[in-house]
Number of protein chains: 4
Amino acid sequence: MNTFGKIFRISIFGESHGNSVGVTLDGVPAGLSLVFKDFFNDLNRRRSGAKGTTPRKEADLPKLMSGVFNDHTTGAPLTILFENTNIRSKDYSKLRETPRPGHADFVAAKKYSGFEDYRGGGHFSGRLTLGLVAAGVIAKKLIGAIQIKARLIEAGGTSEIEAAIDKVIEEQDSIGGIVECRINGLPVGLGEPFFDSVESAISHMAFSIPAIKGVEFGSGFNAAKMKGSEHNDNIISMDGKTETNNAGGINGGITNGNELVFRIAVKPTSSTSKKQRTMNIKTGKLDNLEVQGRHDACIALRVPVVLEAVTAIVLADFMMQEHKIPGIIINKMEKK
Amino acid sequence: MNTFGKIFRISIFGESHGNSVGVTLDGVPAGLSLVFKDFFNDLNRRRSGAKGTTPRKEADLPKLMSGVFNDHTTGAPLTILFENTNIRSKDYSKLRETPRPGHADFVAAKKYSGFEDYRGGGHFSGRLTLGLVAAGVIAKKLIGAIQIKARLIEAGGTSEIEAAIDKVIEEQDSIGGIVECRINGLPVGLGEPFFDSVESAISHMAFSIPAIKGVEFGSGFNAAKMKGSEHNDNIISMDGKTETNNAGGINGGITNGNELVFRIAVKPTSSTSKKQRTMNIKTGKLDNLEVQGRHDACIALRVPVVLEAVTAIVLADFMMQEHKIPGIIINKMEKK
Amino acid sequence: MNTFGKIFRISIFGESHGNSVGVTLDGVPAGLSLVFKDFFNDLNRRRSGAKGTTPRKEADLPKLMSGVFNDHTTGAPLTILFENTNIRSKDYSKLRETPRPGHADFVAAKKYSGFEDYRGGGHFSGRLTLGLVAAGVIAKKLIGAIQIKARLIEAGGTSEIEAAIDKVIEEQDSIGGIVECRINGLPVGLGEPFFDSVESAISHMAFSIPAIKGVEFGSGFNAAKMKGSEHNDNIISMDGKTETNNAGGINGGITNGNELVFRIAVKPTSSTSKKQRTMNIKTGKLDNLEVQGRHDACIALRVPVVLEAVTAIVLADFMMQEHKIPGIIINKMEKK
Amino acid sequence: MNTFGKIFRISIFGESHGNSVGVTLDGVPAGLSLVFKDFFNDLNRRRSGAKGTTPRKEADLPKLMSGVFNDHTTGAPLTILFENTNIRSKDYSKLRETPRPGHADFVAAKKYSGFEDYRGGGHFSGRLTLGLVAAGVIAKKLIGAIQIKARLIEAGGTSEIEAAIDKVIEEQDSIGGIVECRINGLPVGLGEPFFDSVESAISHMAFSIPAIKGVEFGSGFNAAKMKGSEHNDNIISMDGKTETNNAGGINGGITNGNELVFRIAVKPTSSTSKKQRTMNIKTGKLDNLEVQGRHDACIALRVPVVLEAVTAIVLADFMMQEHKIPGIIINKMEKK
């Protein structure tokens, strides 16, 4: 199902080279102010253009198709559409025969028996994250004072990120990276013991971002090497603040009021200019594959804003489950 | 919500020191043979008693309350109950005042305003995994030839697991570990692009197991250090077999027919005999806390069977979504 | 799926002659006082024993298996179990061959390929409504001041109900009836335009009660005969009170603050002492069937309490969706 | 939630006078042929223009925004958009003050605190049924040989429908009606005992159609007047055919292989040219209201195609739950 959420719910649709990509949000409270320019900052962060990312191609203007009236949400489903304007009518048939290693080409062809829209990755394309980022903008507005900051803390195994990218561009290869997300201002008590722990929900959504290979919270994989006496975070205040934060802000699946910290591992872009071997599913013989065009040398550069978005979506849903976002948001401005 | 799954659905209930823990399975096909002893092996693996685990306390006999008739599933909801027989009527009130670091005591008291069943962790207790393991037994039967094997591959930072445990028992401390799960025999095509990728669903459930701090698939966090030219898995056969398996058996969120491989990080048990500091929420002053009783020196030892169970539950649901498990399973034996 | 609800969710399980029937409630706020005797009144109303109903057979004592501690709900899933104690080990094999007209015998055997628990209707039995009534008790407590009253307003086509029942008992036959439900004290604004209108949700649950053949709101089927100028309810107060109530308290699927009124049609009990014809599925020939035992002469007599229960369940869910029931209910009594 | 369905799922969005109305279908199998003209017949039936309906206003051209490629479904979410082209920029502010009796104006203003899009009924408008009809077209293709036929069998209390409409047009009033739906070719076994009986699901969706006041299956409300000995349908063949069909094709919530028959009551259009009284929510005084423009004299005329659509949607979901529609539909034409 292409839907996530219990009360604040998002549904995604579209293909890379079809008519459009988009998202529908259901359960958005009425009365949230929402205008065109609210989307600019995050859509711009996603769009790339910086060194190490592909040159920007699409204007990515969000069209609000429903659910907004007089610059405020109405409480009805809110659909945001991004039309695909920059589609080259090139020949994809050769590419079809040789599924790209590391991409979904092969599995999509099998799963949908050859009926999938294979152009540019179709529904599996990273372009679908446009809808996630747009939904994230609304989620961020809903959760108000909660601050979500994600950033690339390591690329190609080093924290000297710019140097690593320069090098890999020169090599015409690609590198992976680690993105860390820190959330402050959370109340105690978000999340459910079974099966909707904060970790469950965040990892569920984080793995919806293409190219993610791992997720860890707080001490993460390092916890496996630690002793209980070192790992426990002593509680030192009445509101639950702890001396250390190995828990990453979560106990028993529930936020504990400390900073929520997690990291995700991003693999290197699968599309590189290097020659690769793959099965030609028409001839049944191994073939060489050279993926044309320019690619992201470090796709991880574009991940932080998407990770913030999915985190905001998860938290907005939890906040609404806990009745911490009212069903109607009356803004300071005079009401219509 | 204490429910997981789309077609094959499980719901969990119960408390550590209440009347019972249990699980209800909805969507189990009719006609699956199911008898009492089917549960023994996995329940026994979970029960502990080995070195490094707590001494066994409960008989853990599953009572099939509904959904089974003449030793076969009926297609109706299947409820399995485990009565709590070994409950000591000790005084928990002191413990209440001093929430244990690393446990859910503090967050539960806040989230439920002091109405939570705080005895032995209540609904947050590891005892709830009984229901998961029992559900896993049924899920494993449903997915038939698919083989799921989880094992502890590292404890306290070393693969010399027995030695590490001996040492930490001596130190009266606890250690974490890494559990790896490998699944063979999967068809190509399980999972959905958004938002129900195989990674999303497995991580969602894996983080429902207490003490898990991270999940990684295939190359995992190591992918962040790799180059695209190294990371891609060349496809070398018509059925999608790849030369390497950095993808861990998944592309674009969908199984690709190779071995599915993932690992989870387990933190050291929070309960140790070492003295800890915590806030006394009655006095508002810092207090020392000594958790009585015997504890798991390495809780990770007990995780593999639970991880197999949740993995089987996820895969059974995916298999049913793909119509790969029929709605009715007619066994070889003569029908009733 | 044997589950209903979005936030306040109930799941039902069990069979007429199996170990038990029961219900699990998920999403019950913490802190609601709940004791054994809260269930007595409504369980008693359901149990029958009055003229026109079967003689009572079961004690129907609810066992609270989880989710309650110190006489208050904990916020964790709440499972209520009714053990089946009064099961006669009679021979059902003859009955199996001749599926009873008007019952689910035939469809159940087909749907579950003969694996269904066919004893006494199995999972299709009216005994399953025990769980509904128990869940309704909790729902009624949650929605507080909202008053739900259902009563039999017509039996066998007449409002002289007692006389009609006397007559049909004499004839050894059975009769249907109409049950009307009136709800007062509702806020404006419950329900959703698509697809969770108040009518959609109530009818969804009402048709879960065995023997229901129709549902109508306000003017109901009579509306089909009316003119627009007669049917409209003029709004005569600022809080939305209307002169007439053809709408039955709902506009556009949303409660409008007036009395919510609806009626359901209950068919006559299918089990009568009269001889019936049915296919013998073993011999492939038509057979005569005489259903033994005592039956409800007017099953509609037992429906009101069940209808109130499912209505309360629906309304509790809507109230929670609208944030009108807090996540924690602190009772007047001193907190634990 | 604006979503319905378990496997075959539809989500609806849009407003009467906003940018668009539309629908997203999730879970559509890949490989179903789908072209523009497939929608013409049913959209045309819905559009009105016949005597007794409003003059047609919109072209209602469906735009397939995603999920279709090379004239076949891809298995990805399928979004259909209808742009609103014929929106008059008239002044709605007067209308706002005087909520129309029988409409959702009052409840919408309360529920969404004045932020709702009130133009032309907004999200509550009958225009939203465009998405239902379009989704129904796809559902009908999926369920193949199953025949669904709905027709108006009574208007204004008489079966002389044309005459009744002529008369009410002359009177400048409106009338209600009864629509009957008959479905043939159903397999035995669709539907679930609790809580997703066929009646529950169909009534859930039927009440999503504006103006519906009641639903009855088979003998319906007449059952309340019958005796058990008359009501039972004797089974007369091995495949479950019955002599009579008081059950309406359903036992215990499950299809029994006979014709499925149900009826819905449609109220007269609320908008009439007759003067009405309503509360002026600005002045707090009663006001006269004259709704301008041309209206449906008998909205029930336009209901059959919508009722067929929602029925097809329900049945497609049940068929997929029973594995009776494969995940991939390979058409006779050569595969791409």
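Modeller: Let's start with one pair of residues: Ser11(A), in E2(A), has Thr3(A) opposite. This is a predicted model, in which local features need pLDDT of at least 70 and side-chain atom pairs count only at pLDDT 80 or more, while totals for chains, interfaces and linings use all residues. Residues are numbered from 1 along each chain as its sequence is written, chains are lettered from A and ligands numbered from 1 in the order in which they are written, and side-chain values use heavy atoms, with hydrogens and water left out.

Colleague: What makes E1(A) and E2(A) paired strands?

Modeller: Strands (E) are DSSP runs of at least two residues, helices (H or I) are runs of at least four, and both are numbered from the N terminus. Two strands pair if DSSP finds at least two bridges between them. E1(A) and E2(A) are joined by two bridges and run antiparallel, so they meet the rule.

Colleague: Which strands of chain A form the open sheet, and in what order?

Modeller: There are five, ordered E1-E2-E3-E7-E4, with antiparallel pairing.

Colleague: Why are E1 and E4 of chain A said to stand at the edges?

Modeller: Strand E1 (3-4) and strand E4 (63-64) each have a single partner strand, so one side of each has no neighbour in the sheet.

Colleague: How do you know what confidence the predictor has in chain A?

Modeller: We look at pLDDT, the predictor's confidence in each residue, from 0 to 100. Chain A has a mean of 91, and 94% of its residues reach 70 or more. Residues 332-336 of chain A fall below 50; beyond near neighbours in sequence, that stretch has eight contacts in the model. Where pLDDT is low, the predicted coordinates should not be read in detail. For the complex, the predictor gives an ipTM of 0.96 and a pTM of 0.96.

Colleague: How many residues of chain A and chain B are in contact?

Modeller: Contact means heavy atoms within 4.5 Å. By that rule, 104 residues of chain A touch 104 residues of chain B. Buried area is the accessible area (1.4 Å probe) that two parts lose on being put together, summed over both. Chains A and B bury about 7900 Å² between them, with 61% of it on carbon and sulfur atoms. Phe194(A), Phe195(A) and Lys213(A) supply 12% of the area chain A buries there, more than any other three residues.

Colleague: Why is the meeting of Lys111(B) and Glu322(A) called a salt bridge?

Modeller: The term asks for a side-chain nitrogen of Lys or Arg within 4 Å of a carboxyl oxygen of Asp or Glu. Here the N to O distance is 2.7 Å, so the pair qualifies. Across the interface of chains A and B, the rule finds ten such bridges. Strand E10 (residues 212-217) of chain A gives the largest share of the side that touches chain B, six residues.

Colleague: What does E10(A) pair with?

Modeller: Its partner is strand E10 (residues 212-217) of chain B, in the antiparallel sense over three bridges. There, Val215(A) has Val215(B) opposite.

Colleague: What links distant parts of chain B?

Modeller: Lys63(B) and Glu83(B) form a salt bridge at 3.2 Å, N to O. Lys63(B) is in strand E4 (residues 63-64) and Glu83(B) in strand E7 (residues 78-83), 20 residues apart.

Colleague: How many salt bridges cross between chain A and chain D?

Modeller: The rule finds zero there. Chains A and D each give 45 residues to their contact and bury about 3600 Å² between them, 61% of it on carbon and sulfur atoms. A polar contact is a pair of N or O atoms within 3.5 Å; within protein, one must be able to donate a hydrogen and the other to accept it, and residues adjacent in sequence count only if both atoms are side-chain atoms. Ten residue pairs across this interface, both at pLDDT 80 or more, are in polar contact.

Colleague: What kind of peptide bond joins Phe194(A) and Phe195(A)?

Modeller: A cis bond, with omega about -10°. Phe195(A) lies in the loop between strand E9 (177-184) and helix H6 (198-206) of chain A. In chain D, a cis bond with omega about -10° joins Phe194(D) and Phe195(D).
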